Amino acid sequence: MEGICKSFPGVKALDGAKLTVKAGTVHALMGENGAGKSTLMKCLFGVYEKDAGRILLDGREVSFKNSREALDGGVAMVHQELNQALKLSVGDNLWLGRFPSVGRFVPLTSEKKIRRLTEELFDELGIKIKADTKMSELSVSKRQMVEIAKAVSYGAKIVVFDEPTSSLTAEEAEKLFEIIEMLKRRGCGIIYISHKMAEILRISDEVTVMRDGKHIATRAASELSTDEIIKLMVGRELGGRFPKKRRQPSGAKLEIKSLSGIGGVPKDVSFTLKEGEILGVAGLDGSGRTELLETIFGLSGRASGEIILDGKAVSNRTPRESIRSGFALLTEERRANGIFGILDIKENTTVSSLKKYSRRFLLNESGMRRDTEESIRKMRVKTPSQKTKIRALSGGNQQKVILGRWLLTEPEILLLDEPTRGIDVGAKYEIYELLEELRAAGKSIIAVSSEMEELFGISDRILVMSGGRAAGILETASADQEKIMALAAKYV
Amino acid sequence: MEDKKKDNGVPSERLMNDGIFVKIKNRLSEKGASVKRKYGDFMAKPPHDKRSMLAEFLLNNAMYILIIGAIIAIAAMRPRFLSPASLINIISLTAAKLPIALGIGGAIVLTGTDISAGRAVGLTACIAASLLQMPNYLNKMFPELPPIPIPLVILAVMAVGALIGAVNGFFVARFKLHPFIVTLSTQLILFGVILLYLQIGDNGGQTLSGLDDSYLSFVTAPLFTVFGIAVPMYVLYSVIITAIMWVIWNKTAFGKNMFAVGANEEAARVSGVNVFRTIVLVFMLAGIMYGITGFIEGARIASIASYTGQNYESDAIAACVIGGVSFVGGTGKIGGIVIGVLLLQIIFVGLNFLSVDQNMLYIIKGLIILLACALDMRKYVAKR
């Protein structure tokens with residue numbers, strides 16, 4: 001891809017971007033959110049029409065009009081958010097749009113052929129999934145493998161991975177890397193988009209860094225270090241990766257006593273959270289970390305157990321009750337249950353605190369505007385105005401708005417589920433700083449994270465979940481990755 | 001600055017006026033700035049962009065452009081279309097159809113719909129008419145009934161409407177049923193109730209007429225006259241209701257919650273919004289609007305039969321969509337609904353002026369809804 005330009009009304013999203021991927025190599029594409037990585041890929045797949053530039057595949061110029069054409073042309077993508085028909089079987093998903101028919105003159109879909117073709121494909125790739133399993137019964141990582149198998153079945157020469165490990169556990173990621181290695185051996189060129197430095201440096205051969213829609217540098221991965229990549233991405237030196245701890249936790253604030261959820265997860269979990277403490281929660285996917293937070297918050301039903309805040313039991317049967325008793329939950333799926341995309345920043349900020357602004361029947365508009373302004377300033381949200389629709393903001397800024405929403409409810413306990421997922425390096429640091437400020441102000445935080453670095457960087461102690469149960473709590477200072485992994489496997 | 005003054009002390013009238021004036025000025029300059037941001041550098045754009053921006057503008061406002069074009073065309077062919085009498089007729093029709101559209105608008109903001117609205121109007125019209133027949137009228141449905149004060153009847157139809165809405169809302173919120181299927185069922189039930197209601201006493205399913213003068217004049221007496229043509233009272237009622245609905249939608253916690261639930265129900269739940277109560281209240285409020293529509297229609301038509309109110313919901317839904325209340329949820333404005341109802345009535349009256357076949361009207365209405373929805377959806381699907 002050379003000299004690709006794309007403008008949207010008011011913004012130049014791509015400005016002479018270029019990317020050269022060699023066959024049989026993994027090429028990492030890096031940049032902060034908004035750097036133009038996704039736009040570049042969308043130009044490749046014809047989701048957007050490029051304004052200028054050329055795309056060459058094996059020396060021939062190509063121009064795909066949609067992802068189906070791209071697929072036929074040998075360019076496939078494994079999406080960040082998988083687009084699959086979850087209610088259909090694995091085989092149906094693989095051959096969707098090109099079902100094999102029973103015979104040349106019998107235009108009926110052959111179930112038998114679907115199964116056979118799927119099995120052949122999976123054998124070749126070493127994937128162990130049954131063809132007639134329903135897609136919704138598979139884990140995210142297995143679904144991803146199906147997606148990769150689909151790319152292979154189209155004979156893809158270029159496969160694009162967009163944040164493929166963001167919802168995978170460490171083991172599942174290993175498996176993915178093996179498959180990528182195999183694709184490499186088959187001569188595929190791989191474009192790999194990710195925010196995780198460690199895996200980039202591990203699996204990629206070359207790295208291209210983009211910033212503000214421009215090509216910044218392309219280097220061999222072996223010549224680069226994490227800090228150098230970050231420097232290229234941000235365009236300046238970053239201080240530490242995590243802010244300094246400004247306060248030590250004091251006395252007990254929240255006590256969870258043998259908490260169990262209606263669905264069986266979490267199971268008999270007990271722990272104590274101190275005032276001004278950040279308690280990290282580690283564990284594999286499906287270990288019940290999200291469910292733990294949701295049960296504490298009353299979003300999932302509680303079967304038994306007690307939640308004791310400041311020595312008094314709180315009921316927390318619904319999110320409304322929990323908010324009233326001083327809890328806040330930042331959810332994992334920002335788009336599904338965090339933001340109100342179509343509403344503006346003011347509405348997104350004040351939605352949980354409307355009671356505060358109600359004067360009998362009417363709302364105090366000026367108060368809402370003032371507090372939103374204050375929240376934008378405190379959270380350092382980058383936005384033209386508070387009337388901007390939240391979906392127009394980057395992921396990091398959306399997250400800051402939601403954090404601002406919760407701070408407006410004046411919570412004592414913040415429950416954060418993957419607070420920095422899908423957020424670029426610069427914004428991540430800002431979020432860490434905000435958390436540190438909250439801790440300094442005496443708030444207590446429980447933070448679920450799949451990123452080990454983050455857990456070690458921000459937390460005082462780490463609770464490890466395994467199979468819905470609490471496998472143990474480690475002091476961060478004396479913990480290491482092996483200890484955490486050992487605990488995470490305890491009840492699996 | 002202005003706000004502070006208001007908060008701290010008793011505002012003098014002069015300050016209030018200033019406040020409103022400054023507010024309007026700010027509002028206008030804000031609007032101007034956003035228009036400038038969007039279209040200001042138009043001349044500086046390359047021709048390709050110019051063309052696509054123009055196309056974008058035309059498509060985003062296509063419904064308005066088409067309708068205004070139609071108005072000009074009709075006015076050119078039939079100049080009497082824009083005579084005072086015709087215009088007042090259009091305004092009156094708009095006023096009559098506005099409350100039901102305002103009610104349905106809330107259901108659409110919740111990504112739902114309400115097809116029981118027409119039958120709810122029918123039932124409440126029947127109730128209002130039967131309670132307010134002339135004392136000495138021969139075919140009176142309740143012969144022994146003493147004259148009932150009008151405010152009581154209004155409260156009664158609002159209560160019936162609210163009850164219908166509560167049932168709709170309860171099934172939607174409690175059982176997570178789609179409002180389409182819930183209101184499809186209730187509209188059938190309501191039709192049955194209407195037919196049974198009209199059988200009461202010796203009525204035997206006949207049309208209800210012979211309405212009391214107090215009722216007729218309360219609704220249809222002249223509010224004032226322009227060019228010798230009377231503007232009926234219900235125009236005033238409609239204006240008041242619209243103002244109240246505007247306040248509810250924009251200035252209350254309930255209104256904000258409604259938009260939040262419509263924009264993202266799950267996020268609303270996590271944010272502590274009482275989703276169940278919000279949904280039920282939206283439908284109840286809609287029901288109250290249907291009750292008011294029924295009350296006005298009762299006197300406006302003055303002879304109520306089982307088919308009264310039939311298909312009213314389709315006009316109301318069309319008006320909402322034309323006015324920018326989108327089925328994607330979480331978006332819509334009261335002002336848009338008013339414009340939507342107005343434009344639709346203009347079209348209907350205009351087509352009458354052109355002596356278009358009554359049967360054709362249904363086809364045209366259907367096409368308008370389809371086109372409006374398609375154009376609206378364009379704004380929300382990913383741009384290419």
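## A loop residue in chain B

B:N311 lies in the loop between α13 and α14 (312–322) of chain B, where helices (H or I, at least four residues) and strands (E, at least two) are DSSP runs numbered from the N terminus. This is a predicted model, in which local features need pLDDT of at least 70 and side-chain atom pairs count only at pLDDT 80 or more, while totals for chains, interfaces and linings use all residues. Residues are numbered from 1 along each chain as its sequence is written, and chains are lettered from A and ligands numbered from 1 in the order in which they are written.

The phi of B:N311 is near 70°, which is a positive value in a residue other than glycine. B:N311 is partly exposed, because 14 other C-beta atoms lie within 10 Å; a residue counts as buried if 20 or more other C-beta atoms lie within 10 Å of its own, exposed if 12 or fewer, and partly exposed in between, with C-beta atoms placed from the backbone. A positive phi in a residue other than glycine is also found at B:S355, near 50°, and B:S355 sits in the loop between α15 (334–353) and α16 (358–378) of chain B. With 8 other C-beta atoms within 10 Å, B:S355 is therefore exposed.

## Where the two chains touch

In the model, 21 residues of chain B are in contact with 28 residues of chain A, and two residues are in contact if their C-beta atoms, placed from the backbone, lie within 7 Å. On the side of chain B that touches chain A, α11 (253–263) and α12 (265–270) of chain B each supply at least two residues, and the largest share, five residues, comes from α11(B). By class, this side of chain B has eight nonpolar, seven polar and six charged residues, where Ala, Val, Leu, Ile, Met, Phe, Trp, Tyr, Cys and Pro count as nonpolar, Asp, Glu, Lys and Arg as charged, and the others, Gly among them, as polar.

## Two domains of chain A

The domain assignment of chain A gives domain 1 (2–234) and domain 2 (252–488), with bounds that come from an automatic or database domain assignment. The C-alpha centres of domain 1 and domain 2 of chain A lie 32 Å apart, and the contact takes 13 residues from domain 1 of chain A and eleven residues from domain 2 of chain A. On the side of domain 1 of chain A that touches domain 2 of chain A, the largest share, three residues, comes from helix α8 (residues 226–234) of chain A.

## A sheet and its helices

Chain A contains an open sheet of six strands in the order β19-β22-β23-β16-β24-β25, with mixed pairing; two strands pair if DSSP finds at least two bridges between them. The edge strands are β19 (327–330) and β25 (469–475) of chain A, each of which pairs on one side only. Strand β24 (residues 461–466) of chain A pairs with β25(A) in the antiparallel sense over six bridges, and the bridge partner of A:M465 in β25(A) is A:A470.

Helix α16 (residues 425–440) of chain A packs on the sheet, touching β16 (278–282), β22 (413–417) and β23 (444–448) of chain A, and its direction makes about 150° with that of β23(A). Helix α18 (residues 481–488) of chain A also packs on the sheet, touching β16, β24 and β25 of chain A, with its direction at about 35° to that of β24(A). For these angles, axes are lines fitted to C-alpha atoms, for helices over the stretch in contact, and angles run from 0 to 180 degrees between N-to-C directions.

## An enclosed helix and a hairpin

Helix α9 (residues 289–297) of chain A is largely enclosed by the rest of the structure, because nine of its nine residues are buried. Among them are A:R289, A:E291 and A:F297, and α9(A) is followed by A:G298, whose phi is positive, near 80°.

Strand β14 (residues 252–261) of chain A pairs with strand β17 (residues 302–309) of chain A in the antiparallel sense over six bridges, and in β17(A) the bridge partner of A:S260 is A:S304. β17(A) also pairs with strand β18 (residues 312–314) of chain A in the antiparallel sense, over three bridges. β17(A) and β18(A) form a hairpin with two residues between them, and A:D310 in the turn has a positive phi of about 50°.
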